[in-house]
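Let's take a walk through this structure together, one element at a time. Have the sequence and the 3D view open as you read.

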Amino acid sequence: MKYFLTNQNEYMDIILNNNKEHFEVENLSVDELLKVKKFTFKMLIVKINGKVVKQPEYYNTYIKDGDNVTVLHLISGG
Amino acid sequence: MNFEQIISVLSKKSVGIAGCGGLGSNCAVALARVGIGKLVICDFDIVVESNLNRQYFFYSQIDMKKSFALKENIKNINPFIVVEAHDIKLEHNNIPSFFQHCDVIVEAFDRADMKQMIIETVLDEMPETPLVCGIGLAGWGNSNAIKMKQTGNLYVCGDGDSEVTEDSPPLAPRVGIVANMQANTVIEILLNESK
């Protein structure tokens with residue numbers, strides 16, 4: 001039997017906009033994810049596992065291993 | 001499914017249309033033609049001449065409230081459809097009450113902040129109701145960039161990145177493609193549910 005000192009991952013695999021993404025960190029705030037993946041538009045929709053995360057919560061909401069994340073740019077026109 | 005069977009499913013369904021501009025007016029007309037039972041259409045604006053390059057209104061309807069003008073046009077195409085027209089500005093507080101009995105909601109606003117508002121409202125407060133959005137439709141050509149993408153109950157039609165600017169205005173053909181793609185997605189959802 002193997003024993004681990006910690007069961008925390010040093011990486012995470014998530015689904016971002018229906019694609020697999022691998023990050024060499026244990027978790028990432030929404031704000032960090034948007035910067036890393038260069039989502040630069042002012043108006044965005046962020047969903048984690050189907051639940052909306054609003055702008056003020058980007059800094060203190062963390063994405064974890066296995067999460068399904070959707071980021072949508074909102075553009076004027078209709 | 002033959003046309004009779006399709007009609008018999010769709011005639012029992014109700015669809016909410018949030019905004020009666022380029023997306024909403026064309027999407028509503030397509031849904032009326034296939035015989036959706038009821039349309040709840042909402043807009044606070046009036047028809048102006050510059051709308052006629054893409055919106056389903058007529059010259060004689062300039063200065064009319066968009067919601068009432070669209071109801072008139074729908075009734076002229078298919079008088080058997082129940083149309084509930086509201087001259088109202090949709091907001092976070094009133095969206096659930098206007099659309100509470102709708103099987104699907106169509107987002108048809110022009111401003112990005114309004115799109116954000118309705119998506120957050122519906123996902124938060126009406127998560128069981130599918131929402132079909134139109135995002136990215138400016139300019140001309142590039143038809144193959146326009147796609148439908150689904151995540152959960154959120155369906156997004158459009159190219160996802162063409163913003164309306166002075167040099168890339170919204171024009172009838174491309175707006176029409178997205179509006180009809182929204183209508184097509186709506187009936188796909190409703191007909192799949194009935195299987």
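A crossing of two helices is called right-handed if the near helix is turned clockwise from the far one by less than a right angle, and left-handed if the turn is anticlockwise. Keep that in mind for what follows, and note that this is a predicted model.

One of its neighbours is helix H3 of chain B, residues 66-77; the two axes come within 9 Å and cross at roughly 25°. Angles under 35 degrees count as roughly parallel, so H2(B) is roughly parallel to H3(B). By the definition above, the crossing of H2(B) and H3(B) is right-handed. On the H2(B) side, the residues that meet H3(B) are B:Ser25, B:Ala28, B:Val29, B:Ala32 and B:Arg33, and their counterparts in H3(B) are B:Leu70, B:Asn73, B:Ile74 and B:Ile77. Sorted by class, this contact has six nonpolar, two polar and one charged residues.

Now turn to another partner of H2(B). H2(B) brings B:Gly22, B:Leu23, B:Asn26, B:Cys27, B:Ala30 and B:Leu31 to the contact, while the H6(B) residues include B:Val175, B:Gly176, B:Ala179, B:Ala183 and B:Val186. The contact of H2(B) with H6(B) has nine nonpolar, five polar and no charged residues.

What is the strand order of the open sheet in chain B? Its seven strands are arranged as S3-S2-S1-S4-S5-S7-S6, with mixed pairing. Strand S3 (82-87) and strand S6 (147-151) of chain B are at the edges with a single partner strand each, so one side of each has no neighbour in the sheet. On average, neighbouring strands are turned by 15° against each other, direction ignored. H2(B) packs on this sheet, where it touches strand S1 (14-18), strand S2 (38-43), S4 and S5 of chain B, and its direction makes about 170° with that of S2(B).

Let's zoom in on two of those strands. In general, strands of a sheet pair through backbone hydrogen bonds, either parallel or antiparallel. Strand S4 (residues 104-107) of chain B runs parallel to S5(B), and two bridges join them. B:Leu131 in S5(B) is the bridge partner of B:Ile105, and B:Val132 in S5(B) stands opposite B:Val106. Is S5(B), residues 131-134, covered or uncovered on its faces? Both faces are covered: B:Leu131 and B:Cys133 on one side, and B:Val132 and B:Gly134 on the other, are all buried.

Finally, look at chain A. Its secondary structure comes to one helix and seven strands, running β-β-β-α-β-β-β-β from the N terminus on. Of its 78 residues, 19% are buried. Among contacts in chain A between residues at least 6 apart in sequence, 61% join residues at least 24 apart.

Where the chains meet, 14 residues of chain A are in contact with 29 residues of chain B. Strand S4 (44-48) and strand S7 (68-73) of chain A each supply at least two residues of the chain A side, and S7(A) gives the largest share, three residues. That side of chain A divides into six nonpolar, six polar and two charged residues.

Definitions and conventions: Residues are numbered from 1 along each chain as its sequence is written. Chains are lettered from A and ligands numbered from 1 in the order in which they are written. This is a predicted model: local features need pLDDT of at least 70, side-chain atom pairs count only at pLDDT 80 or more; totals for chains, interfaces and linings use all residues. Two residues are in contact if their C-beta atoms, placed from the backbone, lie within 7 Å. Helices (H or I, at least four residues) and strands (E, at least two) are DSSP runs, numbered from the N terminus. Ala, Val, Leu, Ile, Met, Phe, Trp, Tyr, Cys and Pro count as nonpolar, Asp, Glu, Lys and Arg as charged, and the others, Gly among them, as polar. A residue is buried if 20 or more other C-beta atoms lie within 10 Å of its own, exposed if 12 or fewer, and partly exposed in between; C-beta atoms are placed from the backbone. Two strands pair if DSSP finds at least two bridges between them. Axes are lines fitted to C-alpha atoms, for helices over the stretch in contact, and angles run from 0 to 180 degrees between N-to-C directions. Angles under 35 degrees count as roughly parallel, over 145 as roughly antiparallel, 65 to 115 as roughly perpendicular and the rest as oblique.
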